[in-house]
Structure formats: structure tokens, C-alpha cells
Amino acid sequence: ALGVEANAYTTNDHTAYLFECTENFYPALDELMDYVQHPYFTDENVEKEKGIIGQEIMMYDDYPEWKVYLNTLEAMYHEHPVKLDITGTIETISHIDKDILYKCYNTFYNPANMAMVICGDFEPEKLLEEIKKRLLPKENQADIKRIYTAKEDKINMPEKIAQMEVSTPIFMMAYKDIENNQEAAIKKHIAIEILLNIIIGKSSKLYKELYEEGLLLAQPDFDYEFSAQYAHTLISGAS
């Protein structure tokens, strides 16, 4: 109704709600902030959503690229939850009810645990005032206690292979890292991607040789994923 593009996504360490628009920014901001501050869970809508998520889990089970990614994490990490599928399993989501969701919401969905990022042609002071008008105070909010596993410096297994119906074999290689400094990790992320482009990007000698030998069908994808608790470099492609 507002002509706004809205979406949401979940990663291993955060959930994001977002919208983009060319007009109706403040009405859309009303919707976004109302959404994250007034959850509405019922037995009926939770059960319906569990069915939708179950279908999504089964869809990803048949997605070779996702299975290769999960297998890579499984090979790298012993206990760290980064290796767990963020959608869960049919079994784990079956135990979720509205009380669990409200408990999660009341624990984690408070302004101290949120960040708002806005890009556009705005006056920062005016925008901040508009956001504050829409921000609800949270009373009796205790500090959030996070429980992490110990950092792991050794891999779990050297490789993991799965058989699926694919037209071309796909692979993922990984290098496990431990980076304690977030600023250093951001710089490392940029440096690693530049280096990998130099080493095996489309204009590299190595890529040309592997492509001509039929060992690579296209330039591999590569990324450096990191948080305060884990870090790794991933290289994936078809061979």
C-alpha cells in the first residue's frame, strides 16, 4: 500500500528487518518500528509458520550448494554453533510455541541489542528525533548474558563428501582462522578478497590454467566470514 520494498533475513549471528523506498519513508518507518516493537504471536500463526519453515528446510536439503556449505562448516568446527543450520530442523522447530517466541523477544529485542542503519538524503539530527519519537522504553531490562563455546583453533575433519544428483561436481575449500579484533577482521576481509582475486580471479594465471584443463568451469566464489567468535575463508566453485 505504501509502495515500499520490505524484507528480512537471518544469519548465524543476527536477524535484520529492512525496507527501501523512494517516498513514504516516515510511514514505512512507522511500520518497521511497530513491527519490531509489537510482536503478535498466536498458537495459530505459530503453527502456520512452522509449516512454512518446514517446507523451506526441506527445500534447502535438496540444494547442493547449501549442503556443501554446511558440510564445510561441519568439517571446520567441532562444537561451535556456527556449523548449525540457522533454519533448524523439522524436529527442533516442532517444539516452538508462542511462549518460547515471546521469551526470546523479551530477552533479545530491546534497543540496547539493536542497531538501526539508514542510508539516504536525510538530515541526521531531524531523523534521530523522528526515530526517538517512535522508540518505546523498555522497563526492567536486565543485561543479556551470552554463552559461547570456547574458540577452536583445530579443524574437526579434513574433508566431508556428500553424494547428490548434480550435473557437475561442486566443491568448497576453507581456511579456518581466529580473529579477536573486529577492526582487524574487517581489514583482513578486504585484503583476503583482493588477494584471492589476484591469485585465482578471472584474470589470474592460475585460473586460466585450471579453466583450460577443465578443472574449473567458472571463477570460484570466495568470501571471508567472521564474527567475534569465529572466522574463516571460503572458496567454492564447480569442477
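**Exercise 1. Identify the residues that form a nonpolar patch on the surface, and say which helix gives the most to this patch.**

Step 1. The nonpolar patch on the surface is formed by Ile186, Ile190, Ile194, Leu195, Ile198, Ile199 and Leu206, which together have about 650 Å² of accessible area. A patch is built from residues with over 30% relative accessible area and no salt bridge, where like charges are joined within 9 Å and nonpolar side chains (Val, Leu, Ile, Met, Phe, Trp, Tyr) within 5 Å. Accessible areas come from the Shrake-Rupley method with a 1.4 Å probe, and for residues only the protein chains shown count as cover.

Step 2. Helix 7, residues 182-200, gives the most to the nonpolar patch, with six residues, and Ile199 lies in this helix. Helices (H or I, at least four residues) and strands (E, at least two) are DSSP runs, numbered from the N terminus.

The model is predicted, so that local features need pLDDT of at least 70 and side-chain atom pairs count only at pLDDT 80 or more, while totals for chains, interfaces and linings use all residues. Residues are numbered from 1 along each chain as its sequence is written, and side-chain values use heavy atoms, with hydrogens and water left out.

**Exercise 2. Describe the order of helices and strands in the chain, and find the strands that form hairpins.**

Step 1. The chain has eight helices and five strands, and along the sequence they follow the pattern β-β-α-α-α-α-α-α-β-α-α-β-β. Along its principal axes, the C-alpha trace spans about 60 × 45 × 40 Å.

Step 2. Strand 1 (residues 5-10) pairs with strand 2 (residues 15-20) in the antiparallel sense over six bridges, where two strands pair if DSSP finds at least two bridges between them. These two strands form a hairpin with four residues between them, and Thr10 has Thr15 in strand 2 as its bridge partner.

Step 3. Strand 4 (residues 221-226) and strand 5 (residues 231-238) are likewise antiparallel, with six bridges, and they form a hairpin with four residues between them. Here Asp223 has Leu234 of strand 5 as its bridge partner.

**Exercise 3. Describe the second largest pocket and the largest cavity by their volumes and linings.**

Step 1. On a 1 Å grid over the protein atoms alone, a cavity is a set of points where a 1.4 Å probe fits but cannot get out, whereas a pocket is an open set with protein on both sides within 12 Å along at least five of seven lines, and lining residues have an atom within 4 Å of a point. Grid points are joined across faces, edges and corners, and a volume is the space filled by probe spheres set on the points.

Step 2. The second largest pocket holds about 510 Å³ of space and is lined by 22 residues, of which Val68, Thr72, Lys160, Ile161 and Met172 lie nearest its centre. Helix 3 (64-76) and strand 3 (170-177) each supply at least two residues of this lining, and helix 3 gives the most, with seven.

Step 3. The whole structure contains one cavity of 30 Å³ or more, and the largest cavity has a volume of about 40 Å³. Its lining includes Tyr77, His80, Lys151 and Glu152.

**Exercise 4. Explain why Glu47 and Lys50 are separated by about one helical turn.**

Step 1. Glu47 and Lys50 are separated by about one helical turn because they are three residues apart in helix 2, residues 43-61.

Step 2. Their side chains meet in a salt bridge at 2.8 Å, N to O, where a salt bridge is a side-chain nitrogen of Lys or Arg within 4 Å of a carboxyl oxygen of Asp or Glu.
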